[in-house]
Amino acid sequence: MTLHPATEHFRYRSGALQCEGVDLDQLAQRYGTPLYVYSRAAVEQRFAALRHAFGPEASICFAVKSNGNLSMLRLLSELGAGFDLVSGGELRRLQAAGVPTAGAVFAGVAKADWEVREALAADILLFNLESEYEVDMLEALGAEAGRPVRLAVRLNVDVDAGTHDYIATGRKHDKFGLTLDRAAVVVERIAAAPHLELRGYHVHLGSLIRTPGPYLAALERVLEFMDGAAVRREGVRYYDCGGGFGTGYGDPGGLLDVAALGRAMLPLLAARGLTPIVEPGRYLIADAGALVGEVLGAKLSAGRRFALVDAAMNDLIRPALYGATHPIVPLREPPDGAARTPCDVVGPVCESADFLGRQLALPELARGDRLAVLAAGAYGFSMSSNYNSRRRPAEVLVHGAEARLIRRREDFADMWSQEIDR
Ligand SMILES: Cc1ncc(COP(=O)(O)O)c(C=O)c1O
């Protein structure tokens with residue numbers, strides 16, 4: 001039985017939940033819980049879908065922020081991905097993983113000088129210019145390095161993609177990018193700057209966008225902007241439509257039809273000689289991951305049912321931060337006809353926001369049972385913390401019948417290793 005409509009890589013076989021060919025319960029016994037488990041095949045499948053949708057010339061830049069594990073970066077690089085960076089630390093991650101940096105784009109909304117210097121030295125593909133002050137800053141750093149800074153101007157096209165307020169980035173009052181009137185001025189300034197080269201435009205509207213419509217509305221505004229003056233087109237070769245491709249988190253209707261987006265977008269870009277760049281994070285990795293936890297106890301409080309588990313908001317903050325909903329299933333398949341009643345799956349952290357799921361239809365659960373929070377591969381581990389002095393979880397990558405530990409569980413001493421107490 002496939003559990004998640006968007007991926008077949010987590011399913012019950014003989015009553016046990018497996019990731020590809022590996023039993024999650026065995027992984028939990030071997031590595032402990034909470035534990036992140038990722039399916040390599042799921043990442044490969046999504047990458048292939050993007051390549052098919054956007055064509056061989058497109059740069060598919062994986063959003064490192066969604067899951068920066070070195071093994072994952074290497075896997076994506078092997079598949080042919082470039083990378084979307086938002087910090088110098090992410091660039092250092094690429095370097096630590098030993099993957100090429102030449103295909104990276106740097107979209108930091110506020111960049112420090114050292115980050116730009118390091119990215120220039122790494123010869124990344126493009127810097128996304130987000131604010132007017134960056135014209136002088138990037139020109140000065142390009143002059144210092146004695147090399148041109150290749151830019152895409154991030155445009156704020158005021159398209160509301162209708163997504164959660166905290167993950168919407170393309171409306172005019174959001175902090176990202178330049179409104180078109182300011183961009184017109186900035187483009188003139190870039191043209192006059194000896195060390196800056198305008199190579200493209202960038203838009204990122206937000207995350208969990210379910211339909212091609214907002215992407216096409218944004219592109220239409222960018223093309224109109226380009227039509228406004230020759231200087232806005234000179235040297236321009238790339239259009240970066242951002243990421244945010246919807247994945248649904250258990251809702252099959254939430255998966256963006258990337259093929260339809262490609263079909264609509266590619267001819268418009270080709271007509272202008274523009275190469276597409278896409279920056280997906282969760283589309284590639286969300287459905288590929290599960291967070292496995294163990295039930296520490298069950299309780300009924302004023303008629304409300306709780307499963308208290310050892311995984312918590314510090315391991316996966318999306319439900320607390322965005323009210324995100326993830327499918328949660330037991331590792332042992334419930335018998336046919338087992339009664340399911342509404343249940344809150346909560347962690348041990350001292351916050352009422354510490355829940356992984358609320359009012360989910362779940363069978364009876366007892367101490368020692370294990371659960372998997374599905375679609376947890378993106379913004380899971382990468383947003384995890386040590387809150388409540390909890391060690392961050394281990395991570396395992398599954399490939400067919402093999403499982404490889406790609407991050408060990410933290411030691412307690414890791415948590416205070418940087419503290420100075422005398
Ligand atoms: C500039 C930029 N590109 C790409 C992404 C990736 O978004 P998603 O993981 O929803 O695809 C983000 C997410 O915050 C972003 O800010």
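User: How many residues surround the ligand, and which are the closest?
Analyst: The ligand has 16 residues around it; the closest are Ala 63, Ser 207, Gly 243, Glu 279 and Gly 281. A residue counts as near if its C-beta atom, placed from the backbone, lies within 6 Å of the molecule. This is a predicted model: local features need pLDDT of at least 70, side-chain atom pairs pLDDT 80 or more, while totals for chains, interfaces and linings use all residues. Numbering starts from 1 along each chain as its sequence is written.

User: How does that shell divide?
Analyst: Into 6 nonpolar, 7 polar and 3 charged residues. Ala, Val, Leu, Ile, Met, Phe, Trp, Tyr, Cys and Pro are nonpolar, Asp, Glu, Lys and Arg charged, the others, including Gly, polar.

User: New topic. Is β5 mostly buried or exposed?
Analyst: Mostly covered: 5 of its 5 residues, 35-39, are buried. Buried means 20 or more other C-beta atoms within 10 Å of the residue's own, exposed 12 or fewer, partly exposed in between, with C-beta atoms placed from the backbone. Strands are DSSP runs of E, at least two residues, numbered from the N terminus.

User: Which strands does β5 pair with?
Analyst: β15 (residues 289-301), antiparallel, over 4 bridges. Also β21 (residues 394-399), parallel, over 5 bridges. Pairing takes at least two DSSP bridges. Tyr 36 bridges to Leu 291 in β15 and to Glu 395 in β21.

User: Why does Tyr 38 count as buried?
Analyst: Because Tyr 38 has 29 C-beta neighbours inside 10 Å.

User: What does Tyr 38 touch?
Analyst: Ala 288, Gly 289, Gly 377, Leu 397 and Val 398, leaving out residues up to four places away in sequence. Contact means C-beta atoms, placed from the backbone, within 7 Å.

Note on methods:
Contact = placed C-beta atoms within 7 Å.
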